[in-house]
Amino acid sequence: MNKTFAKFIPQTEEIKESLYRIAYLYLANESSALEAVDEAVYQAYRNIKKLRQPEYFKTWLTRILINVCKKELRRLKREKLFADFTEGQTEDYDGLPLKDAIAKLPEELRIIVILRYFNDLTVVQTAEILKLPQGTVATRQRKALSLLRLELEDD
Amino acid sequence: MNRRQEYNELLASMKNTPPELSFTMTRVQARVRKNQRNNLLWKTALSSFVALVLTFVITVNAVPRVAFALSDFPVLGSLVRAVSFDPSLKKAVENNYAQYVGVEKTVDNLTVKIEYLIVDAQRISVFFSCTKPDSLVLDNIRAFDKNDEHLVAGLSYGSLNDEKGELNEARIDMGEGELVPEEFTLTLSFSKADQRLEATVGDKIAPSETVSELSFLLTPDTKYTRTIETIEINKELMLNGQKILIERLDIFPTQAKLLILCDENNDAFIKGLDIWLEDDKGNRYEPKSNGITATFSSDNENIASLWIESSYFSKTKVLKLHIDGIQMIAKDRLFGVIDYQAGTISNLPKGVSVEEMFMQGKNLHIKLGCTSDTPNHTFQITSWEYYRNDQQLSFEGRSATTGDDEYHFVEMLEIKNYDGASEYKLKWNYGPMQTMEKPLAIKISKHSPTQ
């Protein structure tokens, strides 16, 4: 095992479960989530030398994972393997189990909910991963919680 | 239950992750290793190759044809390190076989230097160093002939090492029947790191924009490129009931190839042989484990050549070819019919089992387990083709993972849009190595080098 990989493993192992949670809620499917995590970790390893600030490893790998999930979701929708919820209809969320309601959210709202409330990230951390202004994260968070009829504490 | 309670339950359930998650790093490791082996097998006798291409752009002016003693040249220690994994290349360097080039080109803060070539009739190893800013990444390497056409060859390389003083190898394996040209151009391209990262992790793998490109015109010393030692063998053998003809052994400075012809009337396809060479000093030459290790017949069913470490630099006049085992698949057991209801597949090769079979959406997932003699080693159990009512289809992707048991791995397959009313067949690619009851040792004599 080379030195790069030996160092890479413990860093990745530490955040693997968090990555899986993101992928699982994003793709609403266990096997797709596992494949997305595999793919993201593989891409991260291939590009590890390009990470100039190692302290941002988690942020960087999470970003890679989200892009992998986006690509996979488009493929699943194209092949009609992802439940084709109609997004945005407020009344439709109420009748759904929470997990399905999250899957129904528009992607830009869904990822905020996943990062903030299932991975315990702050608004600042979420904004950093998604490369968004903090205000945008806060706005989308409020909208998502409103659609889900979920009251959760803010930062 | 209100939404808050649902949230708490969902959050709690997320703490249970599937057991497969534990093997993520193992799967990634296997994938990394697989890529580093750089296409181990040629499955067909192709007349052209797609260059795999590393991006690395170096322009080199014409270089002198004479090879000097390596001790006269710099970075020899780096070359020795770079070839340490390859016994044949290591011997070549020890015997002053490498050709020093020493041509460097710089564009902005990017510097690439071609240091050495190790060349024989069918292979070119280009050893180069690189220093570059972090903002640039190697995008691809291409090789062209004097007419600006891609070389008919496979081009492969590992991860770029841009540490000072370290050498990288770009390896060019000429296509079947092709010889190394008297001159060729190596072109390396670099793109911006940020762009490449986005292209890698973004929506699609978009072509990167080349920001630097350098080309080197290289002229290997043909005195070395035309030397092949050929030992005609022409020995017919019966191995576990199968007839094969050992045609000849071609010995190049960087590798040796044993050419084999399998009888079409055999009742099994021969997928491999457990062979090694021995010289009269007792030195062993094992099968190649890096790069190309074998080629197959044009119908892809029988082994056509096996690649072994080279004895070129030994002074031996006599070699002994040892055959210890044979890998084969009986022709009447080439296919396995899938029975999803029963969870079985017919004609499973020995050592292979169906670990799981399940539907996910419209797709059928199959997990095949297999034991391996080598720890943490995976190989292809099934072919890329499968059949639905005799219509040939191809798997779009597949993966293999090892787990806690380093002598066991799982191959995962996915049949898209599985139709339960149709008959599906897998085509086996693997048969376990059968040890010969009486291993063979055939004495072969070296002839004069042929040109």
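Which residues in H6(A) meet which residues in H7(A)? In this predicted model, local features need pLDDT of at least 70, side-chain atom pairs count only at pLDDT 80 or more, and totals for chains, interfaces and linings use all residues. Residues are numbered from 1 along each chain as its sequence is written.

**Helix pair in chain A**

From H6(A), A:Ile111, A:Ile112, A:Leu115 and A:Arg116 meet A:Val123, A:Thr126, A:Ile129 and A:Leu130 of H7(A), where contact means heavy atoms within 4.5 Å. By class, this contact has 6 nonpolar, 1 polar and 1 charged residues. The axes of the two helices, lines fitted to C-alpha atoms over the stretch in contact, come within 10 Å and cross at roughly 135°.

| Helix of chain A | Residues |
|---|---|
| H6 | 107-117 |
| H7 | 123-130 |

**Sheet in chain B**

An open sheet of 4 strands has the order E14-E13-E17-E27, with antiparallel pairing; strands pair if DSSP finds at least two bridges between them. E14 (284-285) and E27 (433-445) are the edge strands, each pairing on one side only. Between E13 (residues 268-279) and E17 (residues 318-330) there are 11 bridges.

**Interface of the chains**

Chain B gives 37 residues to the contact and chain A gives 55 residues. About 4,000 Å² is buried between them, 59% of it from carbon and sulfur atoms; buried area is the accessible area (1.4 Å probe) lost on being put together, summed over both parts. On the chain B side, B:Arg3, B:Met14 and B:Met25 lose the most area to chain A, together 19% of what that side buries.

Definitions and conventions
Chains are lettered from A and ligands numbered from 1 in the order in which they are written. Side-chain values use heavy atoms; hydrogens and water are left out. Axes are lines fitted to C-alpha atoms, for helices over the stretch in contact, and angles run from 0 to 180 degrees between N-to-C directions. Helices (H or I, at least four residues) and strands (E, at least two) are DSSP runs, numbered from the N terminus. Ala, Val, Leu, Ile, Met, Phe, Trp, Tyr, Cys and Pro count as nonpolar, Asp, Glu, Lys and Arg as charged, and the others, Gly among them, as polar. Buried area is the accessible area (1.4 Å probe) that two parts lose on being put together, summed over both.
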